Amino acid sequence: MRHDSETNMIFSIAFMSYSQDKNISDGIKTVARAKLLKNCTIQQNRNANLMINYLDLDKGEARKCYIPLLMFYNGVKLTF
């Protein structure tokens, strides 16, 4: 992911959503065109080491997701 973003390549991801504040999931989220953004620090977000920040190029929004909840990267199923 980081390599693709550094070389201006766009990638797709799918992940299970989760809101820790609300303790709920809205199901699987798919982002067809994304680029990584810089990660937050622990001071900015207590879960920074568990998350990735990305730019959804279709919506033009900066978003984040939990790394353990990533399911697919460029259509390839991820296993941890």
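Asp58 touches Ala32 and Arg33 when residues up to four places away in sequence are left out, a contact being a pair of heavy atoms within 4.5 Å. The model is a predicted one, in which local features need pLDDT of at least 70 and side-chain atom pairs count only at pLDDT 80 or more, while totals for chains, interfaces and linings use all residues. Residues are numbered from 1 along each chain as its sequence is written, and side-chain values use heavy atoms, with hydrogens and water left out.

Asp58 itself lies in the loop between β3 and β4, where strands (E, at least two residues) and helices (H or I, at least four) are DSSP runs numbered from the N terminus. Its relative accessibility is 49%, so Asp58 counts as partly exposed; buried means under 20% relative accessible area, exposed means over 50%, and partly exposed lies in between, with a 1.4 Å probe and protein chains only. Asp58 and Val31 stand 27 residues apart in sequence, yet their C-alpha atoms are 8.2 Å apart in space.

**The chain as a whole**

The secondary structure amounts to 1 helix and 6 strands, and along the sequence these elements follow the pattern α-β-β-β-β-β-β. The radius of gyration of the chain is 12 Å, which agrees with the value near 12 Å that a compact globule of 80 residues would have; this radius is taken over C-alpha atoms, and the globule rule is 2.2 Å times the number of residues to the power 0.38. Along its principal axes, the C-alpha trace spans about 35 × 25 × 25 Å.

Of the 80 residues, 28% count as buried. Among the contacts with a separation of 6 or more, 38% are between residues 24 or more positions apart.

**Residues in a strand and in loops**

Lys35 lies in strand β2, and the C-alpha atoms of Lys35 and Tyr54, which are 19 residues apart in sequence, are 5.5 Å apart in space. Thr41 is found in the loop between β2 and β3, and its C-alpha atom is separated by 27 Å from that of Asn74, 33 residues away along the chain.

Asn74 is found in the loop between β5 (70-73) and β6 (76-77), and its phi is near 50 degrees, a positive value in a residue other than glycine. Asn23, in the loop between β1 and β2, likewise has a positive phi, of about 55 degrees, although it is not a glycine. The table gives the accessibility of these residues.

| Residue | Relative accessible area | Class |
|---|---|---|
| Lys35 | 22% | partly exposed |
| Thr41 | 36% | partly exposed |
| Asn74 | 38% | partly exposed |
| Asn23 | 56% | exposed |

**Empty space in the model**

Rolling a probe the size of a water molecule over the atoms shows where empty space is left. On a 1 Å grid over the protein atoms alone, a cavity is a set of points where a 1.4 Å probe fits but cannot get out, whereas a pocket is an open set with protein on both sides within 12 Å along at least five of seven lines, and lining residues have an atom within 4 Å of a point. Grid points are joined across faces, edges and corners, and a volume is the space filled by probe spheres set on the points.

The largest pocket holds about 650 Å³ of space. It is lined by 28 residues, of which Ser17, Tyr18, Ser19, Arg63 and Lys64 are the closest to its centre. Two or more lining residues come from each of β1 (11-16), β2 (28-36), β3 (51-56) and β4 (61-66), and β4 gives the largest share, 6 residues. By class, the lining of this pocket has 11 nonpolar, 7 polar and 10 charged residues, where Ala, Val, Leu, Ile, Met, Phe, Trp, Tyr, Cys and Pro count as nonpolar, Asp, Glu, Lys and Arg as charged, and the others, Gly among them, as polar.

The count of cavities of 30 Å³ or more comes to 1, and the largest cavity holds about 40 Å³ of space. Its lining is made up of Asn39, Cys40, Asn45, Ala48, Met51, Ile52, Asn53 and Lys64, with the largest share, 3 residues, coming from β3. By class, the lining of this cavity has 4 nonpolar, 3 polar and 1 charged residues.
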